[in-house]
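Let's take a walk through a protein together.

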Amino acid sequence: MSENIIFCWSGTGNCLDMAKNIARELGDTDIVMMRTAPEITDARGAKRVGFVFPCHGGGAPVDFLKYAEDIRVDAMAYKFAVSQSASYAGTGLYELNQRIPLDYWKSVHHQCTCIWLFPHQVMVPPMPAKLAQRLAEKQAKAIAADVRKGARTQKRPPRNPVNVAENKAWPMLVKKHAERFAVSDACIGCGQCAKLCPRGNIRIEHGRAVIGTDCIQCLGCLQYCPQGAISVGSVTDKREHYHNPNITAAELMEKVIHIG
Ligand SMILES: Cc1cc2nc3c(=O)[nH]c(=O)nc-3n(C[C@H](O)[C@H](O)[C@H](O)COP(=O)(O)O)c2cc1C
């Protein structure tokens, strides 16, 4: 087993990029992807165990906490977590801390890809995508330095009641948006979206993607579509798409990525 394990949920690459940047600094790290049930759940034996995931609808993404339930960690291991969001961490870190008490946690801001709600590339404070990326990379270095020296966060992660309410309403919104996914004539049936979908919610029929309603809003299909053929209703048609510039769709589909 590697010295460090980072469990990572990432829809559009920001969190995987963060996990990889932290891993590069730490060395000898397995990044275990959590888009679907993680291939490794027994992290006993790892010296440091980390979690990197985004804020979705005021909390952790659908399935993240469910998968985290099964993860086994040594009591003596150093446990850390990083939540990325457009503006606020939400309740995800709090919920994770309830299940796996964290020694260290950080909330980091990066570009928002929640394109039906806001204009493209919203972030608070607003900034160009390249600058946001540079800042995230800088923060990854600082987080890795903290983790290396075993820094401890004194405060518990926050639990804002507004985020709790938002997160309660989230499944209903997700369901509503799922019904609005559409595929345009630009689709060439390459099948990348079908392979990328964590729920197996996309199939290729007669050379064209067909999207069902079992969607968790990772937005991987839409943001990584090479043809820009997927939208969530007409509001997203004209909007530029975003995914992390360093992360490919193929990497998001990996189960375990070793960084040595
Ligand atoms: C479906 C969805 C919901 C989101 N909800 C929130 C939110 O409630 N608050 C927030 O600050 N950012 C929110 N974001 C922004 C993401 O947390 C942010 O873009 C993050 O960097 C995405 O990480 P990823 O690229 O690894 O998926 C949301 C993004 C998506 C796609």
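Of the 260 residues of the protein, 43% count as buried. Here a residue is called buried if 20 or more other C-beta atoms lie within 10 Å of its own, exposed if 12 or fewer do, and partly exposed in between, with the C-beta atoms placed from the backbone. Before you go on, please note that this is a predicted model, in which local features need pLDDT of at least 70 and side-chain atom pairs count only at pLDDT 80 or more, while totals for chains, interfaces and linings use all residues. Residues are numbered from 1 along each chain as its sequence is written.

Now look at the overall form. The C-alpha trace spans about 55 × 35 × 30 Å along its principal axes. A compact globule with 260 residues would have a radius of gyration near 18 Å, and the protein agrees because its own value is 18 Å. (This radius is taken over C-alpha atoms, and the globule rule is 2.2 Å times the number of residues to the power 0.38.) Two residues are said to be in contact if their C-beta atoms, placed from the backbone, lie within 7 Å. Among the contacts with a separation of 6 or more, 76% join residues 24 or more positions apart.

The secondary structure comes to eight helices and ten strands. These are DSSP runs numbered from the N terminus, with helices (H or I) of at least four residues and strands (E) of at least two.

(The expected span is 1.5 Å times one less than the number of residues.) The buried residues of α4 are Ala-136, Gln-139, Ala-140, Ile-143, Ala-144 and Val-147. Seen down the helix axis, these buried residues fall within an arc of 140°, so they line one face of α4. The arc is that of the directions from the helix axis to the C-beta atoms. What covers the buried residues of α4 includes α1 (14–26), β3 (48–54), β4 (78–85) and β5 (104–109). On the face turned away from the buried side you will find the exposed residues Lys-130, Leu-131, Arg-134 and Lys-138. Gly-150 follows α4 and has a positive phi, near 70°.

Helix α3 (residues 92–99) has buried residues too: Gly-92, Leu-93, Tyr-94 and Leu-96. They pack against β3, α2 (64–69), β4 and β5.

Next, find the ligand. How many residues surround the ligand? There are 25, and the closest are Gly-11, Asn-14, Cys-15, Pro-54 and Ser-85. A residue is near a molecule if its C-beta atom, placed from the backbone, lies within 6 Å of it. Both α1 and β4 supply at least two residues each to this shell. By type, the shell divides into eight nonpolar, 17 polar and no charged residues. In this grouping, Ala, Val, Leu, Ile, Met, Phe, Trp, Tyr, Cys and Pro count as nonpolar, Asp, Glu, Lys and Arg as charged, and the others, Gly among them, as polar.

A few single residues are worth a stop. Ile-31 sits in strand β2 (residues 29–33). Is Ile-31 buried or exposed? Ile-31 counts as buried because it has 26 C-beta neighbours inside 10 Å. Leaving out residues up to four places away in sequence, Ile-31 touches Ile-6, Cys-8, Ala-19, Lys-20, Ala-23, Val-256, Ile-257 and Ile-259.

Thr-113 lies in the loop between β5 and α4, and this residue is buried, with 25 other C-beta atoms within 10 Å. Apart from neighbours within four places in sequence, Thr-113 is in contact with Thr-12, Leu-219, Gln-223 and Tyr-242.

That brings us to Leu-219 itself. Most residues other than glycine have a negative phi. Leu-219, however, has a positive phi near 70°. You will find Leu-219 in the loop between β8 and α7 (220–224), and it is buried, with 23 other C-beta atoms within 10 Å. His-206, also not a glycine, has a positive phi of about 50°. His-206 is in the loop between β7 (202–205) and β8 (208–211), and it counts as exposed because it has 6 C-beta neighbours inside 10 Å.
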